[in-house]
Structure formats: structure tokens, C-alpha cells
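Here's a quick tour for anyone meeting this structure for the first time. Have a look at it, then read on.

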Amino acid sequence: MKVFVTGMGALTSLGTDVESTFQGLRDGRTGVRAFPEWKQHNGLHSLLGAPVGEYSVAHLPRQTRRAMSRMSEMASLATFQALEQAALSKENLNSPRVLLILGSTSGSPETLETYFKKIIERGGPEGQVSTSFFKTMNHSVAANVAAALEFNGALLSPSCACATSTQAVILGWELIKAGLYDVVVAGGADELHYMSAGVFDIVQAASRGYNDKPDEASRPFDQKRDGLVVSEGAGVVVLESEAHAQARGAHRLAEIKGGAYQCDASHMTQSSATTMASVMRLSLERAGVKAEEVDYLNAHATGTVHGDAEEAKAIQNVFQNTVPVSSLKGHFGHSLAACGTVELICSIKMMEHGLLIPNRNLAIVDPECSGIDLLKAPRQTPVKTVVSNNFAFGGMNTCLVFAQK
Amino acid sequence: MLNQDPVDPSLIQQINDLMASGFEIPPEKLVPSAALKELGLDSLDAVDMLVYIEDKFGIKVEGEKLTSLRTLQDVYNLAAEAVSKSK
């Protein structure tokens with residue numbers, strides 16, 4: 001049973017839909033900007049972020065919007081975009097053969113802050129509005145998207161930080177392959193907050209040296225990289241079994257060939273090249289694809305000193321120097337739970353256009369990241385098969401393999 | 001009905017402003033006889049409405065009375081009673 005992508009939706013720091021996002025990539029733009037106002041937060045050194053531009057959810061009923069934080073709003077819009085492209089209506093989803101899998105790193109950090117601040121100030125739940133918890137609960141994105149769709153079917157909400165949406169896609173692929181569902185709507189979202197940067201800043205993984213040069217911050221694989229820049233956004237795809245897509249004449253955008261998720265339990269923040277290579281090998285095996293058949297590798301590489309070097313070593317180990325590699329974090333920043341599906345979607349656009357987007361801000365390749373074909377300029381070439389990595393805190397290593405339809 | 005005494009018009013206006021801004025209700029629908037259900041408010045909205053009123057007037061409303069609220073007049077009366085007690 002083959003599994004196809006038949007719809008895509010995204011909101012990123014480069015645009016509020018797939019086309020504007022991809023155009024931003026083609027133009028080599030960055031969504032990163034300075035946040036000098038974050039100076040007020042004691043102990044925060046990284047004053048950079050990549051926010052999503054203006055969007056509207058005014059078309060949703062108030063009682064749907066009231067439980068949504070930004071991450072749920074963006075996820076809902078991305079889902080509507082994906083369903084529109086797939087030519088699936090809300091009514092089409094009312095089937096026990098349809099599954100929604102959507103997640104985020106945590107509940108809304110902005111609401112978590114106000115929620116607990118009030119609890120501490122008032123010594124209890126006094127003064128809490130009823131909808132606060134619905135923005136803070138772990139499955140807030142999934143529940144809110146379901147509400148926006150008036151969806152009464154199967155709903156899952158995986159959460160593994162930066163690998164969340166990749167895991168959602170792989171899970172969807174597995175469950176369709178297993179014959180349990182015909183359609184899976186999969187994705188993830190996260191919203192920008194100073195503590196999203198703070199989480200990485202605490203472990204010295206966030207960029208600190210480019211606060212006054214945001215355009216140059218977020219430099220995957222570059223010798224002068226100094227950490228990631230936190231971002232926000234949403235990415236959602238519609239996955240569909242071959243039989244279901246064929247029966248309704250759906251337009252296929254790409255085929256999900258396979259994927260895998262594995263844990264590196266050796267360290268909470270520092271996955272090793274060995275386990276990264278392991279998940280790539282397992283993904284290729286499950287996809288039935290040989291390393292030499294891969295035309296492009298979309299790296300997770302967030303611009304951290306340790307992570308990029310380990311991923312480069314892992315790629316070298318599996319592919320040697322045969323596959324062009326780029327990370328899109330230099331353009332978007334790191335959109336956490338959204339990045340997996342956003343990068344899947346952007347890679348599918350690269351396949352469509354036969355155009356590989358290069359690493360942004362890669363001036364001098366760090367010797368620790370050498371030995372692989374790191375893209376420094378756009379490359380026009382046929383792209384049939386792609387591998388995409390995403391790694392997360394907690395040793396959550398994921399890898400996805402997909403190909404032209 | 002919780003309290004039949006006339007309610008201060010300025011308090012009514014402030015509550016109407018809260019209802020309009022908090023629940024996106026068109027001002028012309030905010031008449032004393034309007035049923036909360038007809039205004040599109042459900043049980044979660046009723047909880048939030050009391051929180052808004054408490055924060056706005058710095059009062060504490062008895063939550064047990066929430067279920068007895070039917071119309072906007074009931075809300076005016078409940079708020080007026082709480083304001084009066086707080087003085």
C-alpha cells in the first residue's frame with residue numbers, strides 16, 4: 001500500500017502559505033529579526049526570533065477561536081490550506097477511516113506563563129478564565145484543529161518537541177500502510193515566546209552573538225555558528241492511501257516511502273552521530289530506498305555547535321559525499337514542532353521545481369561538518385528522492401524518506 | 001430573578017461593554033430581557049463573564065448563582081448586588 005501526500009499547508013516566518021514560504025526560500029530571505037524587548041527577561045541572552053507575519057482566523061466562530069492560542073490558530077489555518085489543496089471538505093473527514101495527528105512541543109507558552117502567574121499571585125484558581133487550560137493542555141493543537149473542523153473521528157497528539165511533526169507523518173504512514181486509515185492529516189505547530197528561546201539559551205544552544213545582526217544569525221554548518229534561533233509556525237500535510245487517492249482522482253504531490261523514529265537515550269540534549277546514522281539507515285531500509293538513490297538530504301541542522309557537527313558526521317557515514325545537503329533553519333529559524341512538516345513541504349516544492357535551496361549564512365564550512373556536499377548556492381537538478389532529518393531533545397531522532405509521486 | 005432593585009445605568013453600560021468586547025455581541029442585542037443563551041453564551045462563557053465582571057469591578061461574585069442566570073438583567077442584578085456588598 002503506497003502512501004501519498006495530496007495536500008500541504010504551512011505558515012512560517014517567510015510566509016503564511018506554502019507558495020509565499022517557498023518564494024521566500026527562493027529569494028534567500030530570512031524570517032529572523034531582533035527582539036531587543038526581550039532584554040527585560042532576566043538571564044536571557046538570545047534576543048532573536050523568527051515570527052510568523054499577520055494572519056486572520058476571524059472566519060472561525062468565536063466559540064472555536066476562544067480556546068486557541070497562536071499555535072492552534074496557525075495549525076488550523078495550515079490544515080485548511082492542506083485540505084483545500086487535497087480537495088477534501090470537512091464533511092469528507094467524517095469517517096472512521098480518517099485520522100488527525102497533530103502536536104506541539106507543549107501547550108501555549110504564553111498562556112502557561114499567564115496561567116501560572118495568576119495561580120501564584122492569587123494562591124489558587126481564582127480569576128482564571130475557563131479557556132486558559134484549553135490553551136495549555138498538551139493536546140491543545142490537536143483538539144483545537146479538530147474543533148475547527150467539527151471533526152468527530154480518531155485524533156492523536158504526539159509530542160516530542162522538534163521531531164513532533166515528523167513523527168506524526170511517520171506514524172500516519174505506518175497506520176495507512178497497516179490498513180487502519182485511508183486519510184491521515186498530520187502536522188505540528190509551535191508559537192514564539194521568549195521562553196522558547198530561553199529553553200535553548202539555558203543549555204547554551206541558542207544564538208547569542210548575533211543579537212544586533214539578525215540577518216546573519218542561524219548559520220547551519222558554518223564555522224561561526226553559535227546556536228539556533230527560535231521560530232514559530234505550522235506545517236500540515238494530508239496523507240492518503242493509494243487506493244483512496246486513486247478512487248477520488250486526487251492529485252498526488254509526493255509519495256511517502258518510509259520513515260523511522262528511534263530514541264538516543266544516552267543524553268537528553270546531545271544525540272550522537274551513531275544514533276543519527278542509525279535512524280537514517282532504518283528509514284532507508286523501511287522505505288526500500290538505497291542511499292545512492294537519494295538526490296537531496298534536508299538536514300535538521302539548527303545551527304548548534306554540537307548538533308550540526310554530529311549530523312554532518314552521521315550523513316557522511318551513511319551517504320559519504322554523494323548527496324547534496326541543506327538545512328532551512330538559516331531561513332526560518334527553528335519552528336520546533338512545526339519544522340518537520342514545513343521541511344517536508346518545502347522539500348516537495350524543491351522536487352516540483354527541480355531546485356535545491358542552499359544553506360543560508362553558510363560562508364565557511366566548519367571543518368567539523370566537512371566531508372558532505374553542503375549546498376552554498378541554489379542548484380537546479382532533478383530531485384526524485386529526498387531524506388529529511390529531525391532530531392529533538394530527549395534523544396528523539398526521526399528520519400523521513402519521500403519521493404516524486 | 002436575583003434582585004429587583006434598579007441597577008445603576010453606568011454599571012449596566014460597563015457590563016454591556018464587557019459583553020460586547022468579551023463575547024463579540026452586537027451592542028443592539030444587549031437589552032435587559034436578552035436571554036444569555038440567545039446571545040450565544042454557553043456554560044464556559046458564563047464562567048468567563050463572571051471573571052470579567054469580578055476583575056472589572058474588583059468584586060467577588062458568588063459562583064453558586066451562576067446557574068440561576070438566565071437573562072442579561074439577571075447579570076446586571078447579580079453584579080449590582082456584589083458591588084453593593086463590597087462597599
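## Chain A from the inside

A residue counts as buried when its relative accessible area is under 20%. By that cut-off, buried residues account for 62% of the 405 residues in chain A. Keep in mind that this is a predicted model.

What is chain A built from? It has 13 helices and 15 strands. Take the contacts between residues at least 6 apart in the sequence of chain A: 79% of them link residues at least 24 apart.

## Two helices in chain B

Now over to chain B. Two packed helices are described by the angle between their axes and the distance between the axes. Helix 1 (residues 9–23) and helix 2 (residues 43–57) of chain B have axes that come within 11 Å and cross at roughly 130°. That angle makes helix 1 of chain B oblique to helix 2 of chain B. The crossing of helix 1 of chain B past helix 2 of chain B is right-handed.

Which residues meet there? From helix 1 of chain B come B:Leu11, B:Gln14, B:Ile15, B:Leu18, B:Met19, B:Gly22 and B:Phe23. Helix 2 of chain B brings B:Asp45, B:Asp48, B:Met49, B:Tyr52, B:Ile53, B:Lys56 and B:Phe57. Sorted by type, the residues of this contact between helix 1 and helix 2 of chain B are 9 nonpolar, 2 polar and 3 charged.

Notes. Residues are numbered from 1 along each chain as its sequence is written. Chains are lettered from A and ligands numbered from 1 in the order in which they are written. This is a predicted model: local features need pLDDT of at least 70, side-chain atom pairs count only at pLDDT 80 or more; totals for chains, interfaces and linings use all residues. Side-chain values use heavy atoms; hydrogens and water are left out. Axes are lines fitted to C-alpha atoms, for helices over the stretch in contact, and angles run from 0 to 180 degrees between N-to-C directions. Helices (H or I, at least four residues) and strands (E, at least two) are DSSP runs, numbered from the N terminus. Angles under 35 degrees count as roughly parallel, over 145 as roughly antiparallel, 65 to 115 as roughly perpendicular and the rest as oblique. A crossing is left-handed if the near helix is turned anticlockwise from the far one by less than a right angle, and right-handed if clockwise. Contact means heavy atoms within 4.5 Å. Ala, Val, Leu, Ile, Met, Phe, Trp, Tyr, Cys and Pro count as nonpolar, Asp, Glu, Lys and Arg as charged, and the others, Gly among them, as polar. Buried means under 20% relative accessible area, exposed over 50%, partly exposed in between (1.4 Å probe, protein chains only).
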